[in-house]
Amino acid sequence: MKKLSVRDCDLKGKRVLLRADYNVPMDEHGNITAFMRIEESIPTLKYILDQGASLVILTHLGRPQGQRVSAMSVKPVAQVLERYFDIKVKFAEDPLAEETLALCQGLQPGEIVLCENLRFYPGEEANDDDFARKLARLGELYVNECFSVDHRSHASTVGIAKYLPTYIGLLLEKEINALTKVLENPDRPLVAIIGGAKVSDKIKILAKLLPIVDKLIIGGGMANTFLAAKGYNMQKSLVEEAKIGFAKEILDGAYADKIYLPVDVRAASDFSNDAVIKVVPVDAVPLNYQCLDIGEKTVAVFATALADAKTILWNGPMGVFEMSHFAAGTKDIAKIVGDADAYSVIGGGDSAAAVRSIGMEKGISHISTGGGASLKFLEGKELPGIAACLDKVGKD
Ligand code: AMP
């Protein structure tokens, strides 16, 4: 780990400004409907408070586009936080107000202030320097605990770090360790499973992974483009014509032996859960059908490829898992990954949502909290939010 973590600094008596990701789903009455993001931050918050510090928490929620949108207030998060701590969590409606500054400066060790949605202010996404400087006044040091937005240069990811010593939080540390282990120090064989909708979204990740993995399993919608490149008629399936050339290059290239593609598919008469479904070999997709999931024979092929894996990286579902009749492939692969005697990492976003929505998290070593961020990280890019945190000097 090249970055200083919150564990590396003396927090006693300090006012810690922390950027969390409480971008939680809410129903139309403002009730939070999934608590995972809050729960995952609790060990870091507890750690900081236990060291004798106070906490000022920043977050975003949704896309209010720089406007105050009451349905996107993060106030309900304060009530949820109170369930974990034996204190009232104070809420600051305007993080820029002088009274908020006074409130924060008067905090006693163990106390918490939660600030209103940062994205109510245009300065957040524009990384406005004055906005960042004003936020920085609220704390004496800064903790970045928002991996899911660290691929963006916002005031709260990079701007504040200009004004305060910035450390990585425990959750961010876990993310960096897990993804770095896969890329730099995996136990082998390292097997990557790449799925999801489109090749074009994952070209960079494919290019990064191909040289370093021992096997690359391709499923989901993007497999269609590879199958089309092999000459199969994919009928009405999602195929990116413009990427067939790229797929051919890979299939004819130096790493061709590493690649595993579907051998059968769940083809549907329509993009609908009520469609007529036929499980067919990839060379026999019925006229006007579309492939929306992998078939059982493919699961068996992929299972064999995964059988000796010591490290597994998975990004992207194997089918249109949002529809129950096309979730089987993703479920089966999730079970195989969960049962594998391997260190397993799932990229955030749709893959994590897929695994969670079907309750298959068991046995997975690490499920990333960031979709776009984990993709960028796995592409080998340095995320600006992480780059802005303090480097360790003279250690490891
Ligand atoms: P991604 O964000 O690239 O991981 O893509 C996730 C999306 O890919 C999900 O919404 C899936 O429904 C979709 N997807 C997976 N397999 C297919 C497929 N065979 N055809 C169309 N969409 C798919």
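**Close-up views of a predicted protein model**

**View 1. Contacts and overall fold of the predicted model.** Of the contacts (heavy atoms within 4.5 Å) with a separation of 6 or more, 74% join residues 24 or more positions apart. The model is predicted: local features need pLDDT of at least 70, side-chain atom pairs count only at pLDDT 80 or more, and totals for chains, interfaces and linings use all residues. Residues are numbered from 1 along each chain as its sequence is written, and side-chain values use heavy atoms, with hydrogens and water left out. The C-alpha trace spans about 70 × 50 × 35 Å along its principal axes.

View 2. Strand β5 comprises residues 141-144. Leu141 and Val143 lie on one side, Tyr142 and Asn144 on the other, and all four are buried (under 20% relative accessible area, 1.4 Å probe, protein chains only). Across the whole protein, 56% of the 396 residues count as buried.

**View 3. Pairing of β5 with β1.** Strand β1 (residues 15-19) runs parallel to β5, and four bridges link the two; strands pair if DSSP finds at least two bridges between them. Arg19 stands opposite Asn144 of β5.

**View 4. Pairing of β5 with β6.** Strand β6 (residues 166-168) also pairs with β5 in the parallel sense, over three bridges. Thr166 in β6 is the bridge partner of Tyr142.

Definitions and conventions
Buried < 20%, exposed > 50% of the residue type's maximum accessible area, 1.4 Å probe, protein only.
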